[in-house]
Amino acid sequence: FNGFPLSLKAWAWDPVNKSSKIELSENNTVAKKIDQTYGYTTAFGAIEISEGKFQWEMEVFIENNDRQWIAFGVVEKELAKNVDDFSYKKAVGVCTYGHLYNMDCVEKFAEFNKKTMMCDLDMHKGTFTVAYDGTVIARSSGDFTGKTFVPFVTLYRAENHVRLVILKME
């Protein structure tokens, strides 16, 4: 990582704790499904978050509308496994098909393709939010005390991918 901006040194997708059906590029900030079969394939972030405030962007790229289904968010560390059969419904996050996982809908949002979504995990407040263009679309709040979270992305169809941009770590 020498010579890369500080934001890229913060964290990226874990090259070990990911499906072999996902290819990482751009210093492990881009996760792309390369397998042609349908199925849930996951990559986890190479960071464990138990305190502080973290913000990152997820640029979502869906190959075409018939191929949409990307889920992203955070999951408790103990669940960050089974990269080809990840229990995403136990995570805290959203998917491009319109489902929310352990989050409340704040603002309806339907079109994710080629959009940049902002994720905000605040361990002090016990909140995780997903926003687009400054508007929160989903929010989760709960007792995060003593818990450790790991970011995740699950890709269902070939060529779908996300680009990760770290914004803040406090």
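How many aromatic pairs does the count come to? The count is 13. Rings of Phe, Tyr and Trp (its six-membered ring) pair if their centres lie within 6.5 Å; planes under 30 degrees apart are stacked, over 60 edge-to-face, and the rest tilted. The rings of tryptophan 11 and tryptophan 13 have centres 5.8 Å apart and planes at 85°, so this pair is edge-to-face. Tryptophan 11 is buried, at 3% relative accessible area. Tryptophan 13 is buried too, at 1%. Buried means under 20% relative accessible area, exposed over 50%, and partly exposed in between (1.4 Å probe, protein chains only).

This is a predicted model: local features need pLDDT of at least 70, side-chain atom pairs count only at pLDDT 80 or more, and totals for chains, interfaces and linings use all residues. Residues are numbered from 1 along each chain as its sequence is written, and side-chain values use heavy atoms, with hydrogens and water left out.

Tyr38, Tyr40, Trp69, Tyr88, Tyr101 and Tyr156 form one aromatic cluster. The charged end of arginine 157 sits over the ring of tyrosine 38, 4.3 Å from its centre. The rule here is NZ of Lys or CZ of Arg within 6 Å of the ring centre and within 35 degrees of the ring normal.

In E8, tyrosine 101 is the bridge partner of glycine 93. Strands E7 (residues 92-95) and E8 run antiparallel, joined by 2 bridges. They belong to an open sheet of 6 strands, ordered E1-E4-E13-E6-E7-E8, with antiparallel pairing. Strands E1 (13-18) and E8 (100-101) stand at the edges with a single partner each, so one side of each has no neighbour in the sheet. Strands (E, at least two residues) are DSSP runs numbered from the N terminus, and two strands pair if DSSP finds at least two bridges between them.

Now the charges. There are 7 salt bridges, each a side-chain nitrogen of Lys or Arg within 4 Å of a carboxyl oxygen of Asp or Glu. Glutamate 26 meets arginine 163 at 3.2 Å, N to O. This pair links distant parts of the chain, 137 residues apart. Glutamate 26 is partly exposed at 43% relative accessibility. Arginine 163 is partly exposed at 23%. Arginine 163 also meets glutamate 59 at 3.8 Å, N to O. Aspartate 120 and lysine 53 form another salt bridge, with their closest N and O atoms 3.0 Å apart. Both aspartate 120 and lysine 53 are buried.

Definitions and conventions
Helices (H or I, at least four residues) and strands (E, at least two) are DSSP runs, numbered from the N terminus.
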